[in-house]
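Visitor: I'd like to learn how to read this fold piece by piece. Could you walk me through it?

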Amino acid sequence: MIGRTGDRKMQWGGAPEPDPDRVQPGNPVSAGLLLQLVRRGTATTRRELIRATGLSRSTVTQRVDMLLAAGLLRETAGEAEGRGRPSGALAFDEGVGHIIVVGLHRNRAELAVLDLGGRVLHRREYGIAIADGPEPVLRKVEAELDALVADAGIDPARTVALGVGVPGPVDVSVGRPMHPPVMPGWHDYPVRERLAARLGVPVFVENDANLMALGEQRTHWRSVPTLLLVTVGTGIGAGIVIEGRLYRGVDGGAGDIGHIRMHGRDERCACGAVGCLAAVASGAALVRQLDALGKDVSDVSDVRRLVQQGDADAVAAVRAAGQLAGEVLTTVVSVLNPEILVLAGDMAHTNEHFVTGLRELIYQRSLPRATRNLRVVSTKLGESALVVGMVELVVDEMFAPAAVDAWLAAGSGDAARPLR
Ligand SMILES: [Zn+2]
């Protein structure tokens, strides 16, 4: 449909950095916004909150006391100041509740319980085939969640939310995968409704590469305005962070680069089309290519082993795959002009030949302006990027200033559940 406009909006994920205009003297600054300033490290003492907001000492004290009483902030003992008021450091109380994260990959599922600061309290992992469809995969997830909660010894009443990461595009407004190329049967499946009904907590569903991008940016590249993360494992995906927020596009399809058609290629892709980037440059594609050459390969780890052994065919294939990925990324980099390109996934971040091929193409083919300030780096979080990103996303949503203010206004209750 051409010209579809109306109620479609760009979809963003994660709260923006505190808006400087809202913390100008004279503007209303709520307790919820004070909490966000502390969470983001903008101000970590009462004195800094006064300076950052222009509020009076008594107003800051009254709002901080509300947050302390609600269990959302904690304060470490500090020096007596003035007439004896303590001035300890304030911090978000990350133990006030916990978040459960389910990371669904093509061939495995990871489940974790984390505190609100992203520390893993308990974790389990098992094999799946996501292509089996939502019914069997989610039935198993539900059973494993019960076991996870029991093993972790956590109080289910203190679960803030459940987050589910999937290897495909998601319409986050409804929590459903949307035409996911490698998840047959999952299109428009009500993942959020099903798991929310089962657990009785808010459920967030998000694309895996988006979560990884947000996790890396918030943990290691906080001051970087635009970050692109590309994950190359069995498949290929990308996540985009702009000004500290996830950029999802209009239909949640931003960054879905794995199924861009490569000129002159006709290899069949898992999505059903031919010539996709994922069909020629992913880990699965390399397995097929090397298998066709008679090599002993059955998964991505075999490709890595052959490269480590110095197998010339494997090295050449991996480097060529890196160049093909670089060809697509040259365009992406020209459009986005990011400062950081993070490479993640089995193929990209552990394989120097892939990275060499990719860098060659990007730096040779891009205009100097697009790459002058571009740094290509490896993931620092590795496999934990997905769960870290999900915690950031969930905490941003559940402890957004408006949500916290509404909850405080509603009176006392369970601090772990400001939205319920
Ligand atoms: Zn495809």
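Guide: Let's begin with an open sheet of five strands, ordered 8-7-6-9-12 with mixed pairing. Two strands count as paired if DSSP finds at least two bridges between them, and strands (E, at least two residues) and helices (H or I, at least four) are DSSP runs numbered from the N terminus. Strand 8 (120-127) and strand 12 (203-207) are the edge strands, each pairing on one side only. On average, neighbouring strands here are turned by 15° against each other, direction ignored. For angles, axes are lines fitted to C-alpha atoms, for helices over the stretch in contact, and values run from 0 to 180 degrees between N-to-C directions.

Visitor: Before we go on, what kind of model is this, and how are residues numbered?

Guide: This is a predicted model: local features need pLDDT of at least 70, side-chain atom pairs count only at pLDDT 80 or more, and totals for chains, interfaces and linings use all residues. Residues are numbered from 1 along each chain as its sequence is written.

Visitor: How many bridges join strand 7 to strand 8?

Guide: Seven, and strand 7 (residues 108-115) runs antiparallel to strand 8. As one spot to look at, Ala 112 stands opposite Arg 123 in strand 8.

Visitor: And which helix packs on the sheet, touching strand 9 and strand 12?

Guide: Contact means that C-beta atoms, placed from the backbone, lie within 7 Å. By that test, helix 5 (residues 191-199) packs on the sheet through strand 9 (159-166) and strand 12, its direction making about 145° with that of strand 12. Helix 6 lies across strand 6 (98-104), strand 9 and strand 12, running at about 95° to strand 12.

Visitor: What is the order of the open sheet with six strands?

Guide: That one reads 1-15-14-13-16-17, again with mixed pairing. Strand 1 (11-13) and strand 17 (375-378) stand at the edges with a single partner strand each, so one side of each has no neighbour in the sheet. Neighbouring strands in this sheet are turned by 30° on average, direction ignored. Helix 6 (residues 208-220) packs here too, touching strands 1, 13, 14 (236-242), 15 (245-249) and 16, at about 45° to the direction of strand 14.

Visitor: Do show me a pairing in there.

Guide: Take strand 13 (residues 226-232) and strand 16 (residues 340-344): they run parallel, joined by five bridges. Leu 227 has Ile 340 as its bridge partner in strand 16.

Visitor: Now helix pairs. What should I look at?

Guide: Two packed helices are described by the angle between their axes and the distance between the axes. Helix 8 (residues 283-292) and helix 9 (residues 300-308) have axes that come within 8 Å and cross at roughly 65°. Gly 283, Leu 286, Val 287 and Leu 290 in helix 8 meet Val 300, Asp 302, Val 303 and Leu 306 in helix 9.

Visitor: How is the chain divided into domains?

Guide: Bounds come from an automatic or database domain assignment. Here they give domain 1 (21-92), domain 2 (98-211 + 384-409) and domain 3 (220-380). The C-alpha centres of domain 1 and domain 2 lie 32 Å apart, and ten residues of domain 1 are in contact with six of domain 2. Helix 1 (residues 31-39) gives the most to domain 1's side of that contact, with six residues.

Visitor: Last one: what does the secondary structure of the chain come to?

Guide: It comes to 15 helices and 17 strands. Along its principal axes, the C-alpha trace spans about 80 × 50 × 50 Å.

Key:
Contact = placed C-beta atoms within 7 Å.
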